[in-house]
Amino acid sequence: MASACPPAASTQPALPSGPAVFKTVPYAFILPEILCGTWVWILVAATSVSFPLLQGWVMYVSISSCLISLLLLLSYLFGFHRNSENWKVLDSLYHGATAILYMSAAVLQANATIRSELSPDSPLHYQLNSAASFFAFVTTFLYILHAFSIYYQ
């Protein structure tokens with residue numbers, strides 16, 4: 001006597017929507033990414049952008065990443081993904097590319113920090129640049145964690 005097996009459930013977990021976004025790894029990293037990235041551009045702007053070529057790139061990466069991550073967070077909160085697997089690919093590609101861009105921005109910000117150590121406006125600009133470098137590396141780490149943790153769900 002053979003019993004009928006129930007249809008196999010999907011092995012892929014559902015993408016979170018609404019408040020569940022804040023409780024699910026890697027999607028819970030989005031809000032800290034936005035907050036730390038916001039601190040980067042606020043701190044760089046507070047230094048009056050002493051090195052425009054270096055810090056201009058940092059500002060561009062941090063502001064654009066912050067806005068795109070905010071749009072991505074809103075799309076998860078409102079459920080625009082409709083549980084499509086393509087969103088996982090989009091999310092992973094975006095966070096991987098942004099991690100690379102943020103790493104370049106963090107290194108340039110660290111260079112600006114070293115150069116500001118000898119400026120006449122030291123120690124205030126040096127301290128602001130140091131804090132911006134710290135948050136840039138933290139944000140880079142968060143984007144890397146987000147990009148790789150999608151594969152381990």
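Predicted model: local features only at pLDDT ≥ 70, side-chain atom pairs only at ≥ 80, totals over all residues.
Among the contacts in this protein that join residues at least 6 apart in sequence, 77% link residues at least 24 apart.

Read along the sequence, the protein shows the pattern α-α-α-α, with four helices and zero strands. The radius of gyration of the protein is 20 Å, whereas the globule rule gives 15 Å for 153 residues, and because the value is well over that figure, the protein is more spread out than a compact globule. The box filled by the C-alpha atoms, taken along the principal axes, has sides of roughly 85 × 25 × 20 Å.

Of the 153 residues of the protein, 39% count as buried. The accessible surface of the protein comes to about 8700 Å², and 74% of this area belongs to carbon and sulfur atoms.

A search of the whole structure finds eight aromatic pairs. One of them is formed by W39 and F135, whose rings are stacked, with 6.1 Å from centre to centre and 20 degrees between the planes. This pair links distant parts of the chain, since W39 belongs to helix α1 (residues 30-46) and F135 to helix α4 (residues 124-149), 96 residues apart. W39 has a relative accessibility of 44% and therefore counts as partly exposed, and F135, at 23%, also counts as partly exposed.

The rings of Y94 and Y143 meet in another way: their centres are 6.3 Å apart and their planes stand at 80 degrees, so this pair is edge-to-face. Because Y94 lies in helix α3 (residues 86-116) and Y143 in helix α4, the pair ties together parts that are 49 residues apart in sequence. Are these two tyrosines buried or exposed? Y94 has a relative accessible area of 15% and is therefore buried, since the cut-off for this is under 20%. Y143 counts as buried too, with a relative accessibility of 1%.

Elsewhere among the aromatic residues, Y27, Y76 and W87 form one aromatic cluster.

Technical notes. Residues numbered from 1 in each chain as written. Heavy atoms only, no water. Helix = DSSP H or I, 4+ residues; strand = E, 2+ residues; numbered from the N terminus. Rg over C-alpha atoms; globule rule 2.2 N^0.38 Å. Buried < 20%, exposed > 50% of the residue type's maximum accessible area, 1.4 Å probe, protein only. Contact = heavy atoms within 4.5 Å. Areas by Shrake-Rupley, 256 points an atom, 1.4 Å probe, with all protein chains shown as cover. Phe/Tyr/Trp six-rings, centres within 6.5 Å; stacked < 30°, edge-to-face > 60°.
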